[in-house]
Amino acid sequence: MANLGIPRNTIEVLQRHNFTFQKKYGQNFLVDPNVLERVMDAAGVSGEDCVLEIGPGIGTMTQLLAERAGKVVAVEIDRNLIPILEETLSPYSNVTVINEDILKLDVEEAIRVRGEGRPVKVVANLPYYITTPIIMSLLEGGAPLESITVMVQKEVAERMQAVPGTKDYGALSLAVQYYSRPEVVANVPPNCFIPRPNVGSAVIRLTRYGTPPVQAADPGKLFTVIRASFNQRRKTLANSLGNAPGLLASRERVAGILEEMGLPAMIRGEALTLEQFAELSDRL
């Protein structure tokens with residue numbers, strides 16, 4: 001029975017294996033059964049699914065996933081955790097552990113080989129220091145993911161679901177919302193982890209779109225425009241894009257296009273919707 005979410009059980013396993021936390025891996029193990037259940041409910045995992053878990057730690061969430069999913073593929077970078085996982089996951093025949101860096105792993109191939117053709121959902125307590133690279137790698141990659149339900153730093157979760165005109169809105173908001181529909185489903189205080197992090201956390205679910213909500217003629221150019229628009233937030237769009245390498249658009253041209261779109265010449269990137277960025281990109 002999955003019971004590693006009880007703090008004393010986690011501590012007992014760590015002590016028995018003389019495990020030392022590696023700061024370079026950003027390890028904070030979740031020890032709150034109620035939060036774990038919230039994650040499970042938000043992920044909506046069923047026996048038909050293959051779950052990709054990133055950073056299983058000692059297997060706390062992995063056990064719960066194994067009891068719900070048809071197949072679990074857990075990717076753990078820390079080789080010192082592999083013997084612990086072999087012990088804690090021994091009752092579950094539907095779990096495969098891969099000792100690899102998720103950013104170097106061919107996720108599409110791993111799922112193809114081990115997923116048995118099932119629908120794929122990502123569920124994870126992500127290390128905060130590489131949250132954004134991991135999520136963007138998953139969204140931009142070719143793996144057929146239905147959803148991504150992850151524990152991240154609260155500030156990052158707020159940025160992912162931010163709307164135009166707010167302080168949290170930026171390039172990450174637009175990139176995530178191009179590929180998925182984000183929804184924060186729970187806030188999680190620091191005392192739910194061992195060791196306790198310095199910041200609050202949140203569970204966010206990204207429901208993957210089959211087709212992006214906007215159709216840009218050149219998605220690569222769209223994201224070049226978005227990144228350039230937020231490189232210096234206090235600059236106007238005309239100045240930001242007029243100076244951006246690779247766009248070959250003068251300040252005057254950008255200002256002219258904005259006027260054609262019915263937008264003020266002094267507008268900043270934080271005011272534009274994803275649809276407006278797609279139109280701007282196509283016109284440039």
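Helix H8, which spans residues 171–179, is mostly covered, with 7 of its 9 residues buried, where buried means under 20% relative accessible area with a 1.4 Å probe and protein chains only. The buried positions in H8 are Leu172, Ser173, Leu174, Ala175, Val176, Tyr178 and Tyr179. These buried residues pack against helices H6 (131–140), H7 (154–160), H9 (219–230) and H12 (274–283), and also against strands E7 (180–188) and E9 (201–208), a contact being heavy atoms within 4.5 Å.

This is a predicted model, in which local features need pLDDT of at least 70 and side-chain atom pairs count only at pLDDT 80 or more, while totals for chains, interfaces and linings use all residues. Residues are numbered from 1 along each chain as its sequence is written, and side-chain values use heavy atoms, with hydrogens and water left out.

Turning to the whole chain, there are 12 helices and 9 strands, taken as DSSP runs numbered from the N terminus (helices H or I, at least four residues; strands E, at least two). The radius of gyration of the chain, taken over C-alpha atoms, is 21 Å, close to the 19 Å that the globule rule (2.2 Å times the number of residues to the power 0.38) gives for 284 residues, so the chain is as compact as a globular protein of that length. Along the principal axes, the C-alpha atoms fill a box of roughly 65 × 40 × 30 Å.

Of the 284 residues, 54% count as buried, and residues 24 or more positions apart account for 67% of the contacts with a separation of 6 or more.

Definitions and conventions:
Buried < 20%, exposed > 50% of the residue type's maximum accessible area, 1.4 Å probe, protein only.
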